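Biologist: Could you take me through the aromatic pairs, the strand pairing and the nonpolar cores of this model?

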Amino acid sequence: MEAELEAVVSTSYEGSVDAQGRWDGHGRVSFKSGATYDGAWRAGRMHGHGKFVFPDGISYEGEFQDNQLTGTGVYTWPSGAQYEGTVVRGQRQGRGRLSFTKSAAVYEGEWRDGLRHGQGVLYNNAQRTSYYRGQWLEDTKHGVGVMRYDNGDMYDGQWESDRKRGLGTMRWEGSRQQYAGEWDNNMPSGTGLHVWFSEQEASIPTHAQLLMHNRYYGHFKNGRRHGYGVLYYATGARYEGYWQGDLKQGQGCYVFENGEVWVGAFAQDRPVLAPGETFAPTSTGVQLQIDDLVEEEENPAASRRAIGNLLLCYNTELRMLYDKYCKRPSHQLPAKMPRLSFAVLTAQVWELANDCRLLSPALTLAGLDAMCATSRLMPERLRQFRAAEMPKVMDYLTPEQVRFWQHLATEHAPGGGHSPVADLSFRAFAEVLVRAAAARFAHLPSLERRLHQALTLHILHLVNKAKATLPSPPPPTPVLPPNIALEAAVAALAAVRPHLAKVFLAAAGAEPPPSKEQQAAAAAAPEARGGSAAAAGGPPEPVYGVTAPARALAAALEAAAAAGGRLAFPLSFKGALLQLLWNYVSRNAYGLVQRMSIEPGNSSDGSTGAGFRSAAESLTPEDEQELLFVMDQQLSWAEFLDGVWRIATDWAADVSDAASHAAVPLPERLGAVLGLEPEPEPEAPAAPGLGRARSPKSGAGGAFPGKAQSRKGGMGAGGGAGQEGGEGAGPGGGGGYGSALQSLGSGERPELAAGAAGDAAY
């Protein structure tokens, strides 16, 4: 401050001055306005650290630059409110924290020109359980943010001027409801998905208790269902048509639980019926869309009636089966997946097919996926109704409304043709069983006999042994390692999922999977909070839309395991191929076949010890020929995962030692199969006969337990160069490693017509 101005603006000054008489160093001044300053000065200007008290009692303590409140400091109001953060020319700018004494509210985040602006979080209570976390614009919630309320309700989506507007998801904990879609003025408006969750969501004992678990996907106006939409009832029934003020109003199509269809007008939520007309299904049996199956029968009408009667005869058992598998856990399902309904999912149908030993070369999981998609197709009358009501031009619709109509067109295969989370109503479930029986027992003369064979021999023993034909098939060989919790398996799988997806998509000839950055960007996009994303179970995953040949997958796994060199036993091409096609080799269709065995034998170095034999090494010539002809079978992502798990279960641990299974963690098993580098651990002295040094904790530092054991006749990718390869592979003795199949382990391609090894490189 200039010396001639000091007396004009100030009443007193206590402190040091420079040679020109200007305040310099540390000093305290009182201004005529009533303000005071106590702090550092430089050449007559406030500069450095100091405290400024305004006439109204507001104080600032912090950094000053050239007479400006600029830097890091603390504002304190007479009420006790306090701001701590960066300040530019007296205004809150950058990052800072604002708290109050009379309120538990606290804001931590970005500021601009004294206003909340940018990214920040506002806590509304001392426990910090109620908050808004997201974007701000000039002191208002604006952009994408998450609001959690005191009662546990939560909104995650877009905001505009402190109001919900755009795409967002709201969860009401008290009433157990959720809405995902478009908002306007704090109310659902536009297109969205509204779900009513069951009160007993955690443990549903019977299908009858699911009646309150319904969902509506369609148009809203001012928070009410208004316009075209679909109400899915938990029983499997659905209404598709027009709404007004939450009531069915106008033309609509009602599909009953058994698949029958009623089309007509609705008024005040009720159907407009003609005299003598009833609004109810005309029969008690399910209506199956199996024209393609019965048209091959000698008498299609009689065959359809016979199938209906057979399903009606076992209706109680089939509903018990449906209820049982609605709750069936599966390692194919994502962890903590939100359930929009408690209908049985495709992954649970896979588990059923595996549990009852229905899978065979004639019925693969990929084929089962196609049957599920076909069974979910809409009835013909509903298709005609929708085609007449669907907008012919969608240029005037919002992107979310366009996605709504696109979802309806592809709802029979949501998320891809091989998605594990697509659900099936009881009617669709019954149709899948009929289609699976037709494919599995195609050698039987009639569709009725095929279904009867599937039900009585394979399926009914799961719920009612009294109606099953004995003996029932033995239980399948478990895919997962023994004594492993399903949650641990899902978590281990998630850790290596990106690498598995890269291997699978490369073998399928598809584009590589999205990177972590791309996935994060997709999850942060506004459309991820819309009804279409919620209805599809999340962003689409490319692995669910393609299949890959077993040959390419086996070669990729053999190469990966050989490159890593961490498996307990070398993995050959034939071994990998058999595990991928395990359910599709005739000898595994019945009987409990052990995938691995330890038997006496000579090790490769000439010493006597335990010899290792896999199921692949005990194939008969007929088995090998069958495997040769199905090696180009197209496999889905689920079949690929099952094959990887079988290899991880048996090749990554000593199957003769139960403790070995517990000693090798699941992530280590999968990492060894994929040739991934282990986490670095302290080197331990190499033990005799174990090859590389191994950490005492686990096999992460090198080879897994049992690495030194020899494989009888083992010519594999992990070390077959110095091993013998001329012994017979099975009881027949003639299917040894000189066969065309075994030649694939060295990279050669078989000529299927000749059944012998060719010269073309794989």
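Modeller: The conversation below covers aromatic rings, then strands, then cores. This is a predicted model, in which local features need pLDDT of at least 70, side-chain atom pairs count only at pLDDT 80 or more, and totals for chains, interfaces and linings use all residues. Residues are numbered from 1 along each chain as its sequence is written, and side-chain values use heavy atoms, with hydrogens and water left out.

Biologist: How many aromatic pairs are there?

Modeller: The count is 41 aromatic pairs. Rings of Phe, Tyr and Trp (its six-membered ring) pair if their centres lie within 6.5 Å; planes under 30 degrees apart count as stacked, over 60 as edge-to-face and the rest as tilted.

Biologist: Why is the pair of Y107 and W111 called edge-to-face?

Modeller: The planes of Y107 and W111 stand at 90°, with ring centres 5.2 Å apart, so the pair is edge-to-face.

Biologist: And W637 with F640, why tilted?

Modeller: Their planes are at 50° and their centres 5.9 Å apart, so that pair is tilted. Both residues belong to helix α17 (residues 637-650), 3 residues apart, about one turn of the helix. Helices here are DSSP runs (H or I, at least four residues) and strands likewise (E, at least two), numbered from the N terminus.

Biologist: Is Y107 buried or exposed?

Modeller: Y107 is buried, at a relative accessible area of 1%. Buried means under 20% relative accessible area, exposed over 50%, and partly exposed in between (1.4 Å probe, protein chains only). W111 is buried too, at 5%.

Biologist: What lies over the face of Y107?

Modeller: R116 does, at 5.7 Å from the ring centre. A charge sits over a ring if NZ of Lys or CZ of Arg is within 6 Å of the ring centre and within 35 degrees of the ring normal. The charged end of R319 is placed over the ring of F426, 4.0 Å from its centre.

Biologist: On to strands. How many bridges join β11 to β12?

Modeller: Strands β11 (residues 131-137) and β12 (residues 140-148) run antiparallel and share 6 bridges; pairing requires at least two DSSP bridges. G134 has G145 as its bridge partner in β12.

Biologist: Finally, which residues touch the most other members of the largest nonpolar core?

Modeller: L368, L557 and F640 do, in a core of 107 residues. A nonpolar core is a set of buried Ala, Val, Leu, Ile, Met, Phe, Trp, Tyr and Cys residues joined through side-chain atoms within 4.5 Å. A second, separate core of 39 residues includes W159 and W262.
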